[in-house]
Amino acid sequence: MKKNAAPKIAVTSKPPPLTKREHEIYNLLLKGSSLKEISYKLNIQYDTVYFHQRNLFRKLNIENIHEFLIKHLQDPSLKNIVHAENGISPVFTSWKTIIDNDSSINLSITGEQNDLCYEISGTMNTDTKSFAGIYTIPESSTLELMKKMTSFSFNVSGDENYYVAIITTSDTRKKANHNHYHKLFKAPKDKVSTIHVKISDLSQNTDWGNKVKFNQKNAEVFQFNIHSTGDFYFKIWDIKFYL
C-alpha cells in the first residue's frame, strides 16, 4: 500500500536585499510617514521617494501600504533585511579639504549618493600645530539629525594610522580656538572596521585651544582629520546617524 505523501510546508522565499535608501524608507513607512513627509525628512525629491517605494514594494511582492504593513507583521524573512537600530544615512552634498600651508591632501568620492566612499590621501607635516582633513557643512535636514543623534558610525580601512572624527559647534569654533569635539580611531590595513561613536564619548584636546562645554544643538560641521604625521591614506563609507 502506497504511503501518503508528507504534507508540503509553505516556505516564504527571502526578499531581494534592500538598498540603504530603501531601508530608510521602509522604516519611515513603518512609523506612518507619508511620502511627502519622507521627502522632507530625507531631503530628497518626492518623485525620488516614490521611485524607491515602488522598487521596495516590487521586491516585497506587494502593491500598497496596507499589504506592506501586513507583510511586515506576518513574514519572518523580513527580519533579515530591516535595520535593527534604524540607522539613518545622512545626506552630504559636498565635502571640502582643510589643510595648513605645508600639508597636502587628495579627496576622491565614488559611488551613488546613498553608498558613497570617501578616499583621502596626502601628507601632513611634522609640526604639532599642522592639520589636514575633510569637512562638510550638512544640509538643513541632516544638520537637524546631527543635533539630535545619540551616536554615529562609519566603515573605515586604510594604513594603520590614527584619525579623528569631529563635530564642530559654533561654540568650539568661536570660543575654543577651533578646539573641536572629536573621537580618535584607527584605520586598519587590509581589513574593514566599523567605528561606532557615542556622542557622550566625544572629547576635546586638553593641550590645544580653550575648552568649552559640548553643546550639540549648536552643531554645524561634520569632519574627519588626520592625527598621525607623515603620509596617510584611508577610506570612509557607510556613515550612519542613530537617534
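The structure is a predicted model. Its protein chain has 243 residues, 46% of which count as buried. The secondary structure of the chain comprises six helices and 10 strands. Among the contacts with a separation of 6 or more, 74% are made by residues 24 or more positions apart. The accessible surface of the chain amounts to about 14,100 Å², and carbon and sulfur atoms contribute 50% of this area.

A pair of aromatic rings is described by the distance of the centres and the angle of the planes. Rings of Phe, Tyr and Trp are paired if their centres lie within 6.5 Å, and by this rule the count comes to 17 aromatic pairs. One of them joins Phe-152 and Phe-154, with 6.4 Å from centre to centre and 20° between the planes, and this pair is stacked. Phe-152 and Phe-154 are both buried.

Phe-154 also pairs with Phe-224. Here the ring centres are 5.1 Å apart and the planes stand at 75°; planes over 60 degrees apart count as edge-to-face, and therefore this pair is edge-to-face. The pair links distant parts of the chain, since Phe-154 lies in strand β5 (residues 151-157) and Phe-224 in strand β9 (residues 219-226), 70 residues apart. Phe-224, like Phe-154, is buried.

These residues belong to a wider group. Ring pairs connect Phe-152, Phe-154 and Phe-224 with Phe-92, Trp-95, Tyr-118, Tyr-163, Phe-185, Phe-222, Phe-234 and Phe-241 in a cluster.

Terms used:
Residues numbered from 1 in each chain as written. Predicted model: local features only at pLDDT ≥ 70, side-chain atom pairs only at ≥ 80, totals over all residues. Heavy atoms only, no water. Helix = DSSP H or I, 4+ residues; strand = E, 2+ residues; numbered from the N terminus. Buried < 20%, exposed > 50% of the residue type's maximum accessible area, 1.4 Å probe, protein only. Contact = heavy atoms within 4.5 Å. Areas by Shrake-Rupley, 256 points an atom, 1.4 Å probe, with all protein chains shown as cover. Phe/Tyr/Trp six-rings, centres within 6.5 Å; stacked < 30°, edge-to-face > 60°.
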